[in-house]
Each structure stands twice: as C-alpha cells, then as structure tokens.
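Dear colleague,

Please find the structure below, with its sequence. My notes on what was found follow it.

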Amino acid sequence: PVCSMGNSTSRLYSALAKTLSSSGVSQHQNCLEQVDVAQLDPIDPNDLLEECQLVLQKRPPRFQRDFVDLKKNAASNHRPIRVMQWNILAQALGEGKDNFVQCPMEALKWEERKCLILEEILAYKPDILCLQEVDHYFDTFEPLLSRLGYQCTFFPKPWSPCLDVEQNNGPDGCALFFLKDRFELINSANIRLTAMKLKTNQVAIAQTLKCNETGRLFCIAVTHLKARTGWERFRSAQGCDLLQNLKSITQGAKIPLIICGDFNAEPTEEVYREFSNSSLNLNSAYKLLSPDGQSEPPYTTWKIRPSGECRHTLDYIWYSQHALNVNSALGLLTEEQIGPNRLPSFHYPSDHLSLVCDFSFNQDPDRLL
C-alpha cells in the first residue's frame, strides 16, 4: 500500500497512483489503450512536487546543486531557455541487468524512484527536457508531463534490452519534452542511427522549434549512442550519421542547434572529436565550468558493478556557439555527496547525473560563421 496523501492532494494523488500501479507488458498495453492524454486536467507543479515529497518522506532529502553563472556579456533581451539532459536509468535495467552491487534493491523500487526522478525535474523546471533510458513513458512521463504543459515525444530502441527482463514495462528509448506555452513545433524527425551503412539499435529525436517570445527557430536533438568498450568505431559512425542528419535539418547550421545525449564516450574518443570539429560549429556547454573553458567535468556517471568501479564522463549538451550563449550551468554532485556506494542510491535515482543549462540567443548570430 502507498501512504495516504490527505485531502489536499487527493485529486492529484489518484492520477499519480495510476502510474504507480502499472508494471508488466500487459498492463503497459492497457495503459496505452486507456489513457487519453488530451483529456487529462492540468497539474500544478507545486502540488505534484509536494506529493512526490510525501512518497519520499522516509528517504534522505535531495542534495543541493547550484547553478554557475557563465554570462560573459550583457543580459539578453529574452528569458533564457533551460535545457535538461538526463539518462534516468531504465527501470528494467536497474532492477534486472545492471548489477549495481552497492545499491540496495529497496532503493530501486519504481514507486519511490519515479518520484525522485520527478522531483529532480520539478526542482529545475526545464523548458526542454531530454531523457534517455525511458521505459515508463506511456504510464508515467507522458501522462504527468503533458499535464504540466509539455508536448511529449518518444522513440523506443528497435531491440530494447529491457524486453529481456521479466516483468518489463516495454522498450526503453529517448524522450523529448518541451513547454507548449514557450515553443511551437515546426518539424519533428525520429532518426534510427546507422553505422557502416547498417541500421543500428540506437535512435535520436530532432525537433525544430520556434521560440514564441523571440520568433527565432532552433533545433533540439536527443540521442543515446551504443554502450561498451570496444565499440568506439561504431559510436564514431553513429555520431557521423547523426551529424549528417542534423546538417540537413539545420540547413548547414543556419538554424541554431542544441544536442543532448548520453554518448557513452569519454572526451578522448573519436566521436567526441567529430562533434568538436564539426562544420556545425558546436561546443560542449559543460566545458565552460572548467577554469580554462576547455575541459569536460571529471565525471557524469559513477557506479560500482561486479567488474569494479566506473567513473566516466559520457553525457553532454552540445550547442551552436555562433548563435547561442550559455548563461549558466548546473554544478555536478561532489564525490562527498555521491557517497562511497556511488550511484544510484537512496539519495539519487540514476547512475547518471542530470545536466542543466540556460541558453540565450546571440544578438548577432552570423558574426562567427
């Protein structure tokens, strides 16, 4: 049984409770048939946050992470666009395949882990949210985030490893969410990445949006490249394919671009160099947190598996540096905050840290081209 929410949130709780109860493919399919997202009432994000905190009251509180101001020039004449990138850890993989040997199974329970994920999203209030390893899209993220005002898109992997896990909730994939009151969707492309001319199991979503406040167009993309050591050339080929697609979509960088992803690649890999040296004139936003603006963070994922401890920088937010400015970026959790058992944990729901940046349009986007 789930703890009582009291009268003030009972209407909201009944909606959230539906997302708690679904697991298994048959229920997943029922949910697909039953939930008409357009018919659901809007939710006040503060009510949802309060409800999540009630579910999480026995867990330790969220860690404080601060935004670092990176503005080098005068304030822009429009509200910044906040973009959040996060591999949230597929539930089926977390419980069934990933073998986080220091993480208690109790910490991975979906009923609570889901609320930790939502709490993180609600805390940072992104205008655009890019997620990987989403296997509870139809029963959790689409119904809830659509009621918070987001337009939602999901593209599953063709052969998701989640489907190998008993009691899975369907395939995992990439998901992209943007606030409908801030942006208008102009174009949307679901891209199945190729490598060596072969279609692969990795995907991307690329959407061209119009900013309602400025009238400016930009493209936002989300992807998740092939994992594991030994697949470096494969990731490189996938990265080339994605860049080719994005060159076409952005008309050769005429339309500014933001790419969020778990690249499964350290900055030493070829795919990272391809993005750095692309004709799209991309920079990695989180480099700007380093003293010289040239170094990536020391880690974006930190976990312990049977094979040992893995601390890597794999997650990035790339952007068109001629057209966009990074106003601020969210600092990472410290080693002390992460703790000796690493991620995920009772404190934090994923083995990857969320990345959050505030962007503004350059007033003279052509000057650096």
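The side chain of E133 reaches the backbone nitrogen of A90 at a distance of 2.8 Å. Please bear in mind throughout that this is a predicted model. E133 is found in strand β3, which covers residues 128–134. Although E133 is buried, it has no salt bridge; K157, the nearest side chain of opposite charge, is 5.5 Å away. Leaving out residues up to four places away in sequence, E133 touches N87, I88, L89, A90, L93, D172, G173 and H224.

Strand β15 (residues 355–361) deserves a separate paragraph. Of its 7 residues, 7 are buried. L355, C357, F359 and F361 point one way from β15, while V356, D358 and S360 point the other way; the residues on both sides are buried. Strand β2 (residues 81–87) pairs with β15 in the antiparallel sense over 5 bridges, and I81 stands opposite F359. Strand β14 (residues 324–330) is likewise antiparallel to β15, with 5 bridges. There, A329 has C357 as its bridge partner in β15.

Turning to the nonpolar cores, the largest has 72 residues. Which of its members touch the most others? They are I128, F177, I220 and F359. Helix α5 (residues 110–124) supplies the largest share of this core, namely 8 residues. Apart from it lies another core, made up of 25 residues, including A204, L246, A253 and Y272.

Setting aside neighbours within four places in sequence, I128 is in contact with I81, R82, V83, M84, L176, F177, F178, F183, L209, F218 and I220. I81, one of these contacts of I128, is also the residue that stands opposite F359 in β15. F177 and I220, likewise among the contacts of I128, are named with it and F359 as the core members that touch the most others.

Finally, a note on R233. This residue belongs to helix α7 (residues 232–249). Is R233 buried or exposed? Its relative accessible area is 66%, and since exposed means over 50%, R233 is exposed. Along the chain, R233 and V271 are 38 residues apart, and their C-alpha atoms are separated by 8.1 Å.

With kind regards

Terms used
Residues numbered from 1 in each chain as written. Predicted model: local features only at pLDDT ≥ 70, side-chain atom pairs only at ≥ 80, totals over all residues. Heavy atoms only, no water. Core = buried A, V, L, I, M, F, W, Y, C linked by side-chain atoms within 4.5 Å. Buried < 20%, exposed > 50% of the residue type's maximum accessible area, 1.4 Å probe, protein only. Helix = DSSP H or I, 4+ residues; strand = E, 2+ residues; numbered from the N terminus. Contact = heavy atoms within 4.5 Å. Pairing = 2+ DSSP bridges. Lys, Arg positive; Asp, Glu negative; His and termini not counted. Salt bridge = Lys/Arg side-chain N within 4 Å of Asp/Glu carboxyl O. Polar contact = N/O pair within 3.5 Å; in protein donor to acceptor, adjacent residues only side chain to side chain.
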